[in-house]
Amino acid sequence: MISPLQNPAYLLPPLLAALLSVLLGALVGWRARWSTQHRYFALFLLGNGLWSLLTYFMRTSPDTQQAVLWERALVPVALIISPAFYFFTVSYTRGEVFRGARPVALAFIVAVAALASAGLLIDRMEVKSYGYTPIFHLPFYPMVLMAYLWIGLGLASLYRGYRAAKVYEERNRLLYILVASFFPLAGTIADLFPSAYPASILGNLTFGALTMVAMRRYHLLDVSLALRKGSAYLLVSTLVALPYVAIIIIVTEVSRGISAQPVVLFVLMVVLALGLQPLWGLGQQVVDQVFFRRRWDLVRTLEELTRRSRSVADLERSAYNLLDVIPSVVPTEGFALLLPSDGEEFVSVVASGASLAGLHLSQNSPLARWLAKHRRPLEHYYLDMDPLLLAMADREKQLLVASRAHLFVPMVLREQLTGILVLGPKRAEAPYSVDEMRLLTMTSAQAAVLLDDARLYRTISSQFDRERRRLEAFEAAARRLALAEDPKQALQGLVDTARSLLDARYVVLSLRQYEGAQEEWIASGRVTAQQNGGGPSGDGHGDGDRVPPPDASLNVPIKGRGGSVGALYAVEHSGAVAFSEDDQRVLVLFAVLAEVLFENIRLYSAVEHERGMLAAIQASMAEGLVVLGPSERVIYLNPAARDLLGLAGGEDVRVDLRELLLTAPLEDNSRAALEGFVRAVKDAAGTVGTAEVQVSGPQPRELALTAFPIPTATRERMLGLLLRDVTHEREMERRRDMFVSVASHELRTPLASLVGFSELLLTRRLPGTSQKDFLTRIHRESLRLAGLVDDLLNVSRIQSGKIAVQLETVDLRPLVEETVEKQRYLSTRHRLVAQVPPDIPKVRADQDKLVQVVANLLSNAIKYSPQGGEVKVVVSHEPELKRVVVGVSDQGIGISEEDQAELFSKFHRILRPETVGIRGSGLGLYIVKGLVELMEGTVWMRSRVGEGSTFYFSIPTAECPSDKGESGALRPEVGRP
Amino acid sequence: MVETDFPEARFFRTLNHAELWQRYCGFLDLSREEFMAIQQYLLLEQIKLVAETPLAKAIMGGSKPSSVEEFRRNVPITSYEDYAPHISDGREDALVEKPHFWCHTAGRGGNFKWIPYTRAAFDRVARYGVAVAMLAAADRREDVRLTPSDRLLVNLAPRPYGSGSLLYHFAEYFPYTPIPPLDAAEDPDFRRRTELAFRLALHQGIDYIFSLSNVLVKIGASFSDQRKRLKFTPDLLAPSVFSRLGLAWLRSKVARRRVLPRDLWGPKGLITFGVDTPIYESELARLWGRVPYQVYGTTEMLISAVQGWNKKGMVFVPDLAFWEFIPEEEWRKAQGNGNHQPATVLMDELEPGKQYELVFTHFHGMPLLRYRIGDVIRVLALEDTNSGVKLPQVMFQARASEIIDLAGLTQVDERTLLQALANAEVKYEDWCARKEYRQGVGYLRLFLELTEPRPAEELERLLEQQLRTMDVDYRDLEGWLEQQRAVAVTLLPRGTFRRFYDEMVSQGATLVHLKPSRINPTQAEVERLLRLAKTADRR
């Protein structure tokens with residue numbers, strides 16, 4: 001039979017208890033720096049370990065003397081750790097120690113120590129069937145009662161904590177410690193009775209084991225990981241050590257007796273050392289997979305989540321991935337993902353379970369604020385504890401209760417709450433464990449990143465799309481505007497497009513200088529009178545309603561050359577999101593477009609105005625203007641030029657000059673001259689040249705050309721041709737020349753006669769008849785000379801308007817008869833007849849001038865009927881026209897139609913063979929016309945070549961009022977050629 | 001009913017002290033930003049809740065403000081007259097929901113102000129009720145001494161007054177033991193109620209007292225009155241009473257003094273109302289063994305502000321109402337111009353040392369919006385560094401209508417006069433004061449019933465001396481009045497106020513009219529006092 005003192009069942013338990021307690025104490029003590037409860041529990045466990053070790057030494061003592069020494073050491077330790085137990089339980093359950101607990105505990109410890117050192121606790125040891133048993137002194141009993149009191153108080157704290165625990169895991173932890181504590185307590189009670197088996201150490205062992213379970217399974221004091229890690233490393237070490245030891249033993253045995261054994265062993269050691277690291281890594285991997293399965297699960301969960309969320313664009317996919325992944329790792333009855341909506345709420349975007357599907361939360365809700373602040377999961381019971389959460393409105397609380405949300409996990413990114421994972425109750429109503437919370441926290445962090453990426457992508461994408469659409473719309477609007485013919489329509493289109501792009505309630509364009517109006521408004525959108533400041537209301541679409549928006553959300557000025565010309569206003573829809581900076585940029589672009597359009601309108605108007613003026617100027621020019629471009633191509637031809645060149649209206653004048661000249665009815669030499677002239681001028685590069693050409697055709701003309709270079713900015717060589725009709729001028733010049741020639745001749749002839757005959761009279765002795773004859777000729781030539789001079793003077797007076805007429809009532813009958821009589825002397829070959837009706841009314845005329853007119857006409861009739869014949873003066877009355885007409889007819893050579901047109905102009909003479917000998921200044925008929933017109937009459941003629949001519953003039957009757965005054969004020973048209 | 005049927009009591013079973021403290025008193029640890037965030041959040045919730053009701057539409061002009069600024073800008077400051085047509089006499093059709101209960105207070109003109117309380121609002125009032133009890137008994141943070149079934153002695157006005165309604169309905173939430181029982185507490189006779197309460201307290205003991213300060217002082221003083229001896233009644237033979245009296249006697253002997261209330265009961269907490277609480281603070285602590293704990297509440301808002309555990313300044317509660325404050329210069333402007341809408345500031349704009357008139361908007365579906373209650377508070381400090389509370393510390397100063405302005409130079413209110421009387425060691429039964437005019441100049445007339453006779457001139461001199469010491473502006477007033485006294489005392493014979501009370505009770509007057517107003521009593525009240533004084537003189 002084995003002695004009880006050698007019985008392993010007696011010796012082993014304290015050793016095991018010591019090892020277990022010291023190990024656990026070390027584990028807890030390692031985290032003692034974190035909290036008081038760790039410190040107290042570590043103290044308790046280490047004390048337990050010490051007690052167990054001392055018990056072991058006591059049990060292995062060879063005799064009672066030595067045993068009593070160990071007993072005297074271990075009993076105080078057992079007593080002293082009881083306050084530590086109490087303080088641990090109070091600290092762990094967050095209770096309050098009783099007043100004076102610390103001084104009492106200190107006093108207790110001091111008392112125990114004092115009694116123990118004085119040997120007043122243990123009397124002696126006895127050996128029983130089961131081993132040593134102590135015999136106590138009397139003071140021991142109150143001390144042990146005190147110790148029981150401490151433990152009892154501790155147990156009460158644990159019980160209270162157990163009842164108060166809301167978390168399943170917490171309750172189990174406490175239950176384990178509570179139950180575990182009963183065992184050493186029961187054991188120590190048994191130890192008090194010497195006959196009873198010393199069960200305290202067994203109780204201690206049980207306590208250690210149960211505590212280890214609580215630590216491992218229910219995370220007591222959060223040392224489970226350390227426990228697990230420690231076990232894992234131990235296992236890894238064992239896995240690695242076993243083969244190593246085996247190899248060493250085998251090689252040692254095999255190499256025993258070999259002289260080179262040291263070398264062999266040395267080489268073996270080197271090889272084993274080299275293989276240590278990879279073997280350790282392999283062993284660790286295997287152990288990790290077994291021990292840290294949860295973490296492997298977590299890593300796989302996160303990998304799975306990442307793998308599924310490959311596409312950054314798919315926000316919905318990412319959300320649904322969460323819906324798939326999370327419930328698979330956390331056994332929850334429901335899950336929802338809340339994300340911020342456009343309004344100020346978090347709304348459920350994906351959910352499993354109908355109760356969570358409708359969950360929504362204000363972004364200003366205390367719950368959201370709490371999650372944003374603390375950034376850790378929140379269990380639902382905490383809603384009744386935190387002051388921030390207690391302030392939640394009933395509406396939201398009821399929603400949360402109805403949804404059965406049990407856990408809220410924030411998704412935080414860049415210190416902002418970007419979403420909330422909401423979990424329903426865990427299956428079997430168990431609380432969410434610490435590991436699960438950690439898993440969810442890490443998952444939410446990753447999910448936050450994934451969802452944020454997807455959201456960012458979507459936001460950027462939509463913004464990009466929006467901008468692209470805006471640009472396209474803007475481009476289309478700009479194109480439409482550029483092509484619009486009606487400026488106002490173009491502006492209306494601009495305003496409508498702006499309103500559409502901005503989704504505005506209305507957009508108003510105000511222009512202050514458009515079309516000269518004081519101010520004009522072009523609006524798009526429905527405007528009420530209230531918004532219009534009481535002004536007209538209605539649809540301001542294009543009808544120029546005055547709709548100044550007093551509180552426009554956007555207001556962009558429109559600038560013109562002279563400064564601000566208006567503004568573009570936009571007002572957003574009521575309740576809508578305010579305009580963004582992008583919207584403002586869009587409106588600025590439209591304002592720029594309006595500015596450009598307005599400037600274009602202004603320029604177009606100015607250009608049109610200038611063009612109109614230019615066209616009017618050019619159209620009213622009497623001179624023709626031809627502009628030739630490079631290569632002598634006609635660029636421009638004004639109407640006067642077209643007319644002067646005899647071109648019809650329909651030719652395309654943008655042709656080569658040569659071609660144009662071919663079209664014009666020019667004489668060949670003129671055409672060639674013109675071409676040569678143009679070329680010469682062009683070659684002369686910048687000088688001005690002149691030339692004259694003749695244009696034939698129905699209206700022959702003489703044209704004076706002035707060619708001048710036109711400088712251009714592009715250095716193109718352009719040439720301008722100014723065409724001036726000088727036909728009349730040249731005709732006048734020719735007439736003047738002719739008059740000078742005729743006048744010279746007319747003057748020279750009588751002067752020659754005067755000189756000749758007077759010289760003869762002076763130098764020769766002539767018979768009296770010859771003298772009389774010569775004097776008669778001299779007299780006659782003098783009279784002719786005087787008449788010529790008179791004519792010239794009359795012409796001058798008529799031209800200058802300085803000739804005066806004295807209108808009076810004149811009896812034509814005697815005037816005509818007398819004048820006819822006086823002119824008889826002009827020719828003996830002619831028969832002069834006057835036919836004046838006796839009842840011819842009197843006329844209103846200047847008598848002298850009338851005589852001059854009749855005399856001139858008679859003189860011309862005689863001159864231009866050299867064969868003789870009858871010259872008749874016929875006077876008639878035209879009562880309906882209130883005038884008298886005097887006609888002087890001859891039977892002379894007649895006048896051609898071409899001569900008739902110019903007959904009454906200055907210096908015109910009929911140049912025909914029949915008129916060679918007929919002398920005259922060409923002024924007579926001009927004088928007749930001028931004088932008759934002064935008397936408010938008219939002159940005309942009828943004639944045919946070879947059949948004679950009849951010249952008529954009319955004079956108003958004396959009853960017809962004159963448009964001249966009695967003073968004979970001149971009509972302004974008299975005197976003009 | 002089991003404990004779990006009381007919504008607040010269940011937390012005492014499941015939470016430890018730290019957690020209980022966090023739930024009930026955690027609002028003291030809010031930062032100003034958190035406080036304002038709660039205020040703004042709940043205001044917007046309130047607007048959403050009530051905007052469609054006829055009452056809110058009438059007050060807000062049909063608008064539905066979407067921000068705090070818009071609310072303050074568009075909603076005018078209101079008085080009870082704006083609500084009376086909708087909610088007077090218990091009408092409910094203009095409200096968002098059927099009220100949990102109604103309570104009222106009598107207005108000056110005798111028109112009751114009926115205030116409906118929703119269930120949601122009272123849930124929070126009840127929570128703060130627990131907080132009050134917890135804080136009243138605490139000496140430090142997380143010092144939780146309150147337990148369900150604690151005994152609470154109440155001698156405040158019964159239902160439907162605010163205090164009675166609060167305690168009556170609080171019993172639905174927390175299973176306290178009311179002394180006297182709730183049905184007995186409905187007795188309108190104050191004396192009878194008080195006597196019953198203390199008689200029961202002798203049997204049962206008291207954990208908390210909820211009373212007016214001056215009543216507790218008087219009760220305590222009666223213990224000190226050597227002329228008063230305990231009347232023997234059979235009640236005294238009850239074991240609980242006998243042991244209580246015995247222990248109290250022993251304690252008093254150890255302390256070498258007469259028996260005080262603290263010897264008999266030793267309450268955990270002393271919760272008091274009244275502007276005179278600070279004045280009687282030390283006396284109450286001496287008599288009852290606890291520093292009194294102050295709560296500021298009205299019928300319109302049962303609990304508005306509470307002290308911290310260190311019994312210093314009061315802190316407004318964050319989730320019962322939206323608090324706005326009218327600065328003094330603004331309320332003066334409004335006094336001069338009835339059409340002036342005074343501007344308000346918010347909690348985070350208060351300045352220490354200044355007075356503000358209170359304006360609040362109910363939360364949780366209750367009806368009052370930007371309601372000007374007529375109370376003036378003074379800001380003591382923007383935080384309490386001693387206790388670590390970072391919210392503004394305030395005290396109740398006076399009712400705006402109960403401030404006497406003298407020549408525009410100084411203001412005297414009830415608290416000031418109480419302090420002056422206390423400093424001058426004037427022993428009085430009661431008093432009231434009003435402004436009168438002498439040769440066109442205003443002065444203070446004090447009607448005083450002394451318990452220890454003293455000449456009126458001496459009292460006037462003493463009071464002026466005190467006022468001069470207490471109030472710098474008062475010195476300017478004296479200069480203004482030149483040789484004339486600013487305070488005139490009219491002594492009333494003993495028993496005048498008692499006869500006033502008895503006469504009003506016999507006439508069936510409501511509670512508020514049983515005594516004349518301390519400040520600015522009506523002419524009728526003054527005439528009644530003077531008449532009763534003459535009657536007392538003839539006796």
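**Exercise 1. Which residue in β18(B) does E449(B) stand opposite, and how is the sheet around this pair built?**

Solution. Start with the pair: E449(B) stands opposite L492(B) in β18(B). Helices (H or I, at least four residues) and strands (E, at least two) are DSSP runs, numbered from the N terminus. The model is predicted: local features need pLDDT of at least 70, side-chain atom pairs count only at pLDDT 80 or more, and totals for chains, interfaces and linings use all residues. Residues are numbered from 1 along each chain as its sequence is written, chains are lettered from A and ligands numbered from 1 in the order in which they are written, and side-chain values use heavy atoms, with hydrogens and water left out.

Next, take the strands. β17 (residues 441-450) of chain B and β18(B) run parallel and are joined by six bridges; two strands pair if DSSP finds at least two bridges between them. The open sheet has three strands in the order β16-β17-β18 (chain B), with mixed pairing. Because β16 (428-438) and β18 (487-492) of chain B each have a single partner strand, they stand at the edges, and one side of each is left without a neighbour in the sheet. From one strand to the next the twist averages 25°.

α17 (residues 456-470) of chain B lies across β17 and β18 of chain B and runs at about 135° to β18(B). Helix α19 (residues 496-506) of chain B touches β16, β17 and β18 of chain B, its direction making about 85° with that of β17(B). Axes are lines fitted to C-alpha atoms, for helices over the stretch in contact, and angles run from 0 to 180 degrees between N-to-C directions; contact means heavy atoms within 4.5 Å.

**Exercise 2. Describe how α10 and α12 of chain B cross.**

Solution. Two packed helices are described by the angle between their axes and the distance between the axes. For α10 (residues 190-204) and α12 (residues 239-255) of chain B, the axes come within 7 Å and cross at roughly 85°. α10(B) and α12(B) are therefore roughly perpendicular to each other, a class that covers 65 to 115 degrees (under 35 is roughly parallel, over 145 roughly antiparallel, the rest oblique). On α10(B) the contact is made by A201(B), L202(B), H203(B) and Q204(B), and on α12(B) by S240(B), V241(B), R244(B) and L245(B).

**Exercise 3. How many residues does each chain give to the contact of chain A and chain B, and what area is buried?**

Solution. Chain A gives 26 residues and chain B gives 28 residues. About 2,300 Å² is buried between the two chains, with 47% from carbon and sulfur atoms; buried area is the accessible area (1.4 Å probe) that two parts lose on being put together, summed over both. M385(A), P387(A) and L390(A) supply 23% of the area that chain A buries against chain B, more than any other three residues.

Then consider charge pairs. The rule finds four salt bridges across the interface, each a side-chain nitrogen of Lys or Arg within 4 Å of a carboxyl oxygen of Asp or Glu. D394(A) forms a salt bridge with R124(B), where the closest N and O atoms are 2.8 Å apart.

**Exercise 4. Where are the cis peptide bonds that join R159(B) to P160(B) and I179(B) to P180(B)?**

Solution. Most residues other than glycine have a negative phi, and most peptide bonds are trans. The bond between R159(B) and P160(B) is cis, with omega about 0°; P160(B) is in the loop between β3 (151-154) and α8 (162-170) of chain B. The cis bond between I179(B) and P180(B) has omega about -5°, and P180(B) is in the loop between β4 (177-179) and α9 (182-185) of chain B.
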